[in-house]
Amino acid sequence: MTASTTTETVQTIIAELKDKQGALLPILHGIQNALGYIPPDSVPAIAQGLNLSRAEVHGVISFYHYFRDTPAGKHTVHLCRAESCQSMGSNALEAHVKTKLGIDYHETTADGQFSLEPVYCLGNCACSPAMQIGEEIYGRVSADSFDDIMNDLGADA
Amino acid sequence: MSTTIYISGDSTAISIGANRTAAAVVKEAAQRGIAVNLVRNGSRGLFWLEPLVEVVVNNDRVAYGAVNHSDVAGLFDADFINGGHHSLALGAVEEIPYFKKQQRLTFARVGITDPISLDDYLAHDGYRGLKNALASSQADIVKQVTDSGLRGRGGAAFPTGIKWNTVLNTPSEQKYIICNADEGDSGTFSDRMIMEGDPFVLIEGMTIAGLAVGANQGFIYLRVEYPHAHKALNAAIAKAYEASYLGDNIQGSGKKFDLEVRLGAGAYVCGEETSLMESLEGKRGLVRFKPPLPAISGLFGQPTVVNNVISLASVPVILDKGGDYYRDFGMGRSRGTLPLQLAGNLKHTGLVEIAFGMTLRELLYDFGCGSATGRPIKAVQVGGPLGAFVPESQFDTPLDYEAFAANWTVLGHGGVVAFDDTMNMAEMARYAMEFCAIESCGKCTPCRIGSTRGIEVMDDIINNVDREKNVVLLRSLCDTLLNGSLCALGGMTPYPVLSALNHFPEDFGLDAV
């Protein structure tokens with residue numbers, strides 16, 4: 001996506017949503033859905049659209065774990081770290097995932113394929129451990145099933 | 001004539017292969033020339049049997065589970081379309097003891113109906129509560145809810161009727177209904193199951209709340225981690241608008257109620273009601289001081305009802321059958337039913353809706369069938385990450401808000417996470433501090449700084465650096481968090497920490513009690 005189409009996308013989203021009550025989160029979701037992240041240079045446009053300061057917009061983006069200001073990999077693995085998953089061995093799974101991908105949390109693989117983010121509960125606690133990739137949720141994830149999923153998604157294993 | 005087959009579209013069922021099973025059923029049926037009407041229902045909540053396949057034979061539903069996609073051809077060979085025998089055959093779900101022993105009021109339709117079919121909802125007693133509400137005065141609606149004894153199912157257990165009454169009696173041009181669907185507690189998934197499995201019941205409950213207190217705008221604040229619930233809610237809301245169950249003239253009454261889903265963005269603290277309202281207003285999710293109560297000055301400074309998903313989804317049955325009907329379930333001051341969630345290291349995880357009063361032990365062993373790993377259950381954490389770890393010696397506590405509070409434990413949202421004897425409770429205490437540090441909104445000092453100091457103190461205890469002294473320090477720090485925090489995040493992090501320390505001192509390198 002070129003710089004000008006990015007700006008256009010951001011402007012369209014702001015124009016569509018700015019008259020909602022409490023419009024900032026819907027706008028940020030809209031931008032992240034469209035672009036995969038919220039480019040820092042979109043902050044002035046958002047601030048102007050909502051009559052806020054840039055600091056206020058930046059403050060909101062940085063408060064919420066889900067919003068990111070850098071592009072993610074092609075797939076983002078959200079691995080659950082919460083108690084239910086821990087009770088079913090997620091600490092060992094976490095170690096496996098980090099080794100397999102060669103990255104830590106909040107990092108992206110060098111080939112740009114995968115980002116890794118922790119998540120605190122996916123509501124899938126009846127089938128722990130759990131992870132989410134895009135809108136897909138996976139339950140009873142083991143080291144083996146994780147490897148299979150990565151292979152299906154086109155990782156160079 | 002086509003055969004109706006139900007395969008759950010619940011995200012947990014999907015997470016263990018329900019979509020692949022459904023695709024295999026469709027493909028196999030096509031190859032064999034069998035006409036099939038596939039319905040993606042909510043989950044019955046018996047997750048060890050998911051993916052569950054139910055076939056309608058002579059108007060009865062015959063279940064098979066757990067059905068992997070590789071089992072599907074064998075099921076067709078066994079003529080499961082006509083209820084044929086197969087090793088995965090379960091008979092009727094209603095006769096499985098785990099299900100049969102339950103008392104499903106709030107979850108009455110979940111797993112039975114097509115979640116986004118309004119016709120199905122109406123055919124299964126849907127919108128009867130709203131019909132009664134439209135024929136009642138505002139005060140009478142609030143009275144039914146008060147009489148039912150319903151208390152906030154999000155965890156705080158505040159009487160719902162009293163909250164509604166305050167909003168009703170606070171004059172304002174504009175009032176709001178907020179559904180707190182930021183179900184962030186580990187081990188809880190009942191909100192998600194309702195939103196995916198019976199979204200209309202939540203919409204109906206919110207509409208009734210709006211009529212009761214005079215609010216014409218509702219927001220469902222949904223966590224972003226629930227994409228399936230998001231789709232189901234939006235689909236159901238669109239249908240409710242089409243059929244005038246939402247909008248400017250609800251069922252010709254002249255009453256107005258609009259409803260919109262708003263997404264959170266991964267902040268646990270936004271499950272706290274004032275932080276949630278800040279987030280809805282488009283701000284950082286900083287907790288507000290109370291007073292003023294949200295019921296008097298809430299969203300955009302207006303009187304606001306903030307209720308949990310299960311609280312609101314319990315309102316239609318109360319308005320349909322009366323407050324007395326609901327109140328007759330339960331014990332003591334805990335009235336009605338609680339949808340419990342069995343999670344973590346249990347053989348039979350799932351959703352158990354039952355009247356208050358059963359013991360934790362019955363829940364863990366009669367329903368949960370003990371640990372999944374086959375090892376002894378060392379502790380269970382009830383009520384999410386801010387709930388205490390309950391040791392085996394307290395398993396005979398009845399599931400009741402007051403009985404739990406008397407043990408310095410928390411029933412909360414009814415989530416139960418079991419741990420076997422391989423878990424180290426000092427590590428869990430450290431994690432509780434770490435979680436608090438990650439999720440703290442930063443407004444109050446005890447939570448913001450205390451949680452990070454807590455991690456350091458726990459590290460020293462685990463690594464045997466001045467252990468005895470640091471245990472004293474940890475207790476003092478917990479005292480500060482308990483008494484000095486602005487909200488439950490800092491205020492309740494000591495529950496898991498101190499319960500782990502008190503009940504499992506050997507895991508902290510101390511002498512056993």
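Colleague: Is the crossing of α6(A) and α7(A) right-handed or left-handed?
Modeller: Keep in mind that this is a predicted model. In chain A, the axes of helix α6 (residues 90–101) and helix α7 (residues 143–152) come within 10 Å and cross at roughly 35°. The crossing of α6(A) and α7(A) is right-handed.

Colleague: Which residues of α7(A) make that contact?
Modeller: From α6(A), the contact takes A:Leu93, A:His96, A:Val97, A:Lys100 and A:Leu101. By class, the contact has six nonpolar, one polar and two charged residues. On the α7(A) side, the residues are A:Ala143, A:Phe146, A:Asp147 and A:Met150.

Colleague: How do the elements of chain A run from the N terminus on, and how many strands are there?
Modeller: Going along from the N terminus, the order is α-α-α-α-β-α-α-β-β-β-β-α. Chain A has seven helices, and its strands number five.

Colleague: How far apart do the C-alpha centres of domain 1 and domain 2 of chain A lie?
Modeller: The domain assignment puts domain 1 at 3–63 and domain 2 at 75–152 in chain A. The C-alpha atoms of chain A fill a box of roughly 50 × 30 × 20 Å along the principal axes. Between the C-alpha centres of these two domains of chain A, the distance is 29 Å.

Colleague: What share of the residues of chain A counts as buried?
Modeller: Buried here means under 20% relative accessible area. Chain A has 157 residues, and the buried share is 54%.

Colleague: How many residues of domain 4 of chain B are in contact with domain 3 of chain B?
Modeller: Chain B is assigned four domains, among them domain 3 (329–420) and domain 4 (425–508). The C-alpha centres of domain 3 and domain 4 of chain B lie 23 Å apart. Domain 3 of chain B brings 13 residues to the contact, and for domain 4 of chain B the count is 17.

How values were computed
Residues numbered from 1 in each chain as written. Chains lettered and ligands numbered in written order. Predicted model: local features only at pLDDT ≥ 70, side-chain atom pairs only at ≥ 80, totals over all residues. Heavy atoms only, no water. Domains from an automatic or database assignment. Axes fitted to C-alpha atoms, helices over the stretch in contact; angles between N-to-C directions. Helix = DSSP H or I, 4+ residues; strand = E, 2+ residues; numbered from the N terminus. Left-handed = near helix turned anticlockwise from the far one by under 90°. Contact = heavy atoms within 4.5 Å. Nonpolar A, V, L, I, M, F, W, Y, C, P; charged D, E, K, R; others polar. Buried < 20%, exposed > 50% of the residue type's maximum accessible area, 1.4 Å probe, protein only.
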